[in-house]
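Subject: Structure handed over, with notes on its packing

Dear colleague,

Please find below the structure that I am handing over to you. My notes on it come after.

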Amino acid sequence: MKLIHRVLMIAGAISLLGLFVFPMWSIWLEAPQYPKGSELGIFIHIDKVTGSRPNDLENLNTLNHYIGMKPIQPDAIPELEYMPIVVLILVGLGIVAGALGKRWMIITWLAILTIAGSVGMYDFWKWEYDYGHDLDPKAIIKIEGMSYQPPLIGSKQLLNFTAHSYPAIGFGFIVFGAILAMLAWWLSRTKSITPLAGAKT
């Protein structure tokens, strides 16, 4: 592999560090009582969950209490403890792959990144499912057969709220890193040219 290919791979791995700065995912709740621009929102980072504004998480937990949903407590989410470690391991493996310049290592890194991302998305869906279905039977507001699971991606009507769930800036760093790694692998491929029959060599 040429130097440029190695640099692309290393840059792709390092781009994952953007997850320590920007959120991976965002969930917004839109309702008639919240004018445009004042919707409740939360950001999901690799190591924390925050409100889009200082009191959003607290206000969301207050609303959830009325319908029997558990409060969102970042300290009680174990995934937020080990996700930073997973990201750092991926960064380290990617840097090693780029430094050694082995194409098979790039493919392996991309496979690990894809598996980790898929497991993370499934875990996120399970988290949403638990919060939306495991309701307190003594809740103030109870509607038979109603659950409050936000969509994994997209929008969904939940009573008078419309929940929106979409990737945030941090997710873009994952995609960008994967694209750089794929470019490194693709551009570093070797072409085998077979001379035509009868041609002079």
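This is a predicted model: local features need pLDDT of at least 70, side-chain atom pairs count only at pLDDT 80 or more; totals for chains, interfaces and linings use all residues.

Residues are numbered from 1 along each chain as its sequence is written, and side-chain values use heavy atoms, with hydrogens and water left out.

Helices (H or I, at least four residues) and strands (E, at least two) are DSSP runs, numbered from the N terminus. Two strands pair if DSSP finds at least two bridges between them.

**The sheet**

An open sheet is formed by 5 strands in the order E3-E2-E1-E5-E4, with antiparallel pairing. Its edge strands, E3 (49–51) and E4 (154–158), each pair on one side only. From one strand to the next, the twist averages 20°. Strand E2 (residues 40–44) pairs with E3 over 3 bridges in the antiparallel sense; Ile44 has Val49 in E3 as its bridge partner.

Helix H2 (residues 56–67) packs on this sheet and touches E1 (25–30), E2, E3 and E5 (161–167), where contact means heavy atoms within 4.5 Å. The direction of H2 makes about 110° with that of E2. Axes are lines fitted to C-alpha atoms, for helices over the stretch in contact, and angles run from 0 to 180 degrees between N-to-C directions. Helix H4 (residues 103–133) lies across E1, E2 and E5, at about 30° to E1.

**The helix pairs**

Two packed helices are described by the angle between their axes and the distance between the axes.

The axes of H1 (residues 3–14) and H5 (residues 169–187) come within 7 Å and cross at roughly 160°. That makes H1 roughly antiparallel to H5 (angles over 145 degrees count as roughly antiparallel). Residues in this contact include Leu8 and Met9 of H1 and Leu180 and Leu183 of H5. The contact residues divide into 8 nonpolar, 3 polar and no charged. Ala, Val, Leu, Ile, Met, Phe, Trp, Tyr, Cys and Pro count as nonpolar, Asp, Glu, Lys and Arg as charged, and the others, Gly among them, as polar.

The axes of H3 (residues 79–100) and H4 come within 9 Å and cross at roughly 165°; H3 and H4 are therefore roughly antiparallel to each other. Among the residues that meet are Leu90 and Leu93 in H3 and Trp109 and Ile112 in H4. This contact has 12 nonpolar, 1 polar and 2 charged residues.

Key. Angles under 35 degrees count as roughly parallel, over 145 as roughly antiparallel, 65 to 115 as roughly perpendicular and the rest as oblique.
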